[in-house]
Every structure is written in structure tokens, then in C-alpha cells.
Amino acid sequence: MKNAETPVVKLVLYGAMSSLGSALMAEMLRRQHEVIAILDDLTALAPRPGLRTKSGNLFDAERVKQSVAGCSAVICLLDAPGLPMNHEHVEKALVPGPVEQVLAVDALIAGMQAMGIHRLFLVGDFAVLDEPEVEDRLQCHAAEEILDALQTSTLHWTLVNAPHSIAGLTIEHFSHVSSSLEAGLAEVLERLNRVAVGIADELRLNLHIGQHVTFVATDPTPQ
């Protein structure tokens, strides 16, 4: 049952099948938000209160418009495997490369602007923006293109550095965090949960709009 004083926040999530996506779903549902996970396979997530699944295509502005209609904010995990492409010939575990990430953000911006949806959290490999001598020039160029596109848009955006994670974590791991977990897994869960809590707090307080943030273990506030 929802608390009558809890504001209704409807979130669209791209990248729900990743470990951070699972942490975000658990945290947002804990806060009694509604979460709409955009997936190719609508049966990939077990039903639970507050969680809906919806088909879509992150690389098509028209499909983005349909997916985000009526939502309060969008969270997109650019480095997540299995981002919705609605293409049967694409490997579902594929993580989009730098070029595909730029195309996805262009479609996301166009679709959100067309529907008047403004708040966007974009999670990805944006640490390269702070590394002048980065070796991966393609990823750096893609991050710069994404930043330029956001700066010329009407969106209220926040860039979030993607945390290191491991595959295979589900929403159940974050819904029932146990101190008896092996040390390595417990540390990963804590790190990902911290990022999820940070994004949820940023959304609630409307902080760091037009900024690039990272969440670190020694300080719960973005740097």
C-alpha cells in the first residue's frame, strides 16, 4: 500500500537487466515510486507491485516517445547489456559501443523533448571526460558528443559515472541485502546500492542538473 503522502513518481528505466538496473529498481520501489522497465522481453522480470514492463527501442525516437509518455523522469544505463533494440538479429547481451551510445542518446533526447519529459539521468563511461590523456579516444569522443547534445537540448540532465559491477545480480539481491554474503559480493552490492540511493536522492531533491557526478564509497554525496 502506498503512503498517501508519497508523491507519485513514474520512472522509465533503460538497462533494467543490468546489476545497477536491479539496484535502481529495488531502491525506487522501496521509495514507492512506479518503475517502467523498457525491455525486448516483457517476461524477463517477475511481476511485483509498482513495477511494469514495456517494449521499446532506445535507438528510435518515435519508439522512445511511446515509451516515456506520461513519465516523470528517465534513467538510462548506456553501458548495460540488453538495452532494448527491438531487433531479433541483435545479440541480447550486447553492450552498445561508443557509436551506438551516441545514436541512442540522440534518439532519447528527441523522444523526450517531443513528449515534454525533461529529467534525465544518463549513466555511462563518462569518467573519460576528466582524463585528458585517456587511451580510448573513441569512447572519449563519444562522451564529448553526448555532452554537447545534452547541452544544446532542453533536458534537465545529469551525467553519472558508471560504477564497476559484476554480472548476474538481480533485484532480489538488493531487496534482501544480507550481512552473511561473501565479502566480495557484499562490497559490490553496497557500491551499487550507494549509486542507486544517490540517483534516487538526486531525483527527489532535483540536484546537479547539467552536471557530471560520481558516487564514491567514502562520501555519500556526489563529487
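**View 1. Ala16 in the loop between strand 1 and helix 1.** Ala16 lies in the loop that joins strand 1 (10-14) to helix 1; helices (H or I, at least four residues) and strands (E, at least two) are DSSP runs, numbered from the N terminus. The structure is a predicted model, in which local features need pLDDT of at least 70 and side-chain atom pairs count only at pLDDT 80 or more, whereas totals for chains, interfaces and linings use all residues. Residues are numbered from 1 along each chain as its sequence is written, and side-chain values use heavy atoms, with hydrogens and water left out. Ala16 counts as buried because its relative accessibility is 2%; buried means under 20% relative accessible area, exposed over 50%, and partly exposed in between (1.4 Å probe, protein chains only). From C-alpha to C-alpha, Ala16 and Pro84 are 9.9 Å apart in space, although 68 residues separate them in sequence.

**View 2. The protein chain as a whole.** Six helices and seven strands make up the secondary structure of the protein chain. Their order along the sequence is β-α-β-β-α-β-α-β-α-β-α-α-β. The protein chain has 223 residues, of which 44% count as buried.

**View 3. The largest pocket.** The largest pocket holds about 260 Å³ of space. A pocket is defined on a 1 Å grid over the protein atoms alone, as an open set of points where a 1.4 Å probe fits, with protein on both sides within 12 Å along at least five of seven lines; lining residues have an atom within 4 Å of a point. Grid points are joined across faces, edges and corners, and the volume is the space filled by probe spheres set on the points. The lining of the largest pocket consists of 18 residues, and Ser18, Ser19, Asp79, Pro81 and Ser165 are those that lie nearest its centre. By class, this lining comprises 12 nonpolar residues, five polar and one charged. For this classification, Ala, Val, Leu, Ile, Met, Phe, Trp, Tyr, Cys and Pro count as nonpolar, Asp, Glu, Lys and Arg as charged, and the others, Gly among them, as polar.

**View 4. The second largest pocket.** About 160 Å³ of space is found in the second largest pocket. Its lining has 13 residues, with Met17, Ala44, Leu45, Thr170 and Ile171 nearest the centre. Helix 1 (19-30) and helix 5 (171-175) each contribute at least two residues to this lining. Nine of the lining residues are nonpolar, two are polar and two are charged.

**View 5. Salt bridges around Glu27.** The structure contains seven salt bridges, a salt bridge being a side-chain nitrogen of Lys or Arg within 4 Å of a carboxyl oxygen of Asp or Glu. Glu27 and Arg30 form one at 2.5 Å, N to O. These two residues are separated by about one helical turn, because they are three residues apart in helix 1. Glu27 is buried, at 6% relative accessibility, whereas Arg30 is partly exposed, at 44%. Glu27 also forms a salt bridge with Arg31, in which the closest N and O atoms are 2.6 Å apart. A network of salt bridges links Glu27, Arg30, Arg31, Asp201 and Arg204.

**View 6. The salt bridge between Lys65 and Glu62.** In this pair the side chains meet at 3.6 Å, N to O. Both residues belong to helix 2 (residues 61-68), where Lys65 and Glu62 are three residues, or about one turn, apart. Lys65 is partly exposed, with 24% relative accessibility, and Glu62 is also partly exposed, with 48%.

**View 7. Asn206 and His208 in the loop between helix 6 and strand 7.** Asn206 is located in the loop between helix 6 (183-205) and strand 7 (211-213), and His208 lies in the loop between helix 6 and strand 7. Asn206 is not a glycine, yet its phi is positive, at about 60°. His208, likewise not a glycine, has a positive phi of about 50°. Asn206 counts as partly exposed at 45% relative accessibility, and His208 counts as partly exposed at 23%.

**View 8. A nonpolar surface patch.** Val99, Leu103 and Leu138 together form a nonpolar patch on the surface, with about 280 Å² of accessible area. Patches are made of residues with over 30% relative accessible area and no salt bridge; nonpolar side chains (Val, Leu, Ile, Met, Phe, Trp, Tyr) are joined within 5 Å, and like charges within 9 Å. Accessible areas come from the Shrake-Rupley method with a 1.4 Å probe, and for residues only the protein chains shown count as cover. Val99 belongs to helix 3 (residues 98-115) and is partly exposed, with a relative accessible area of 47%.
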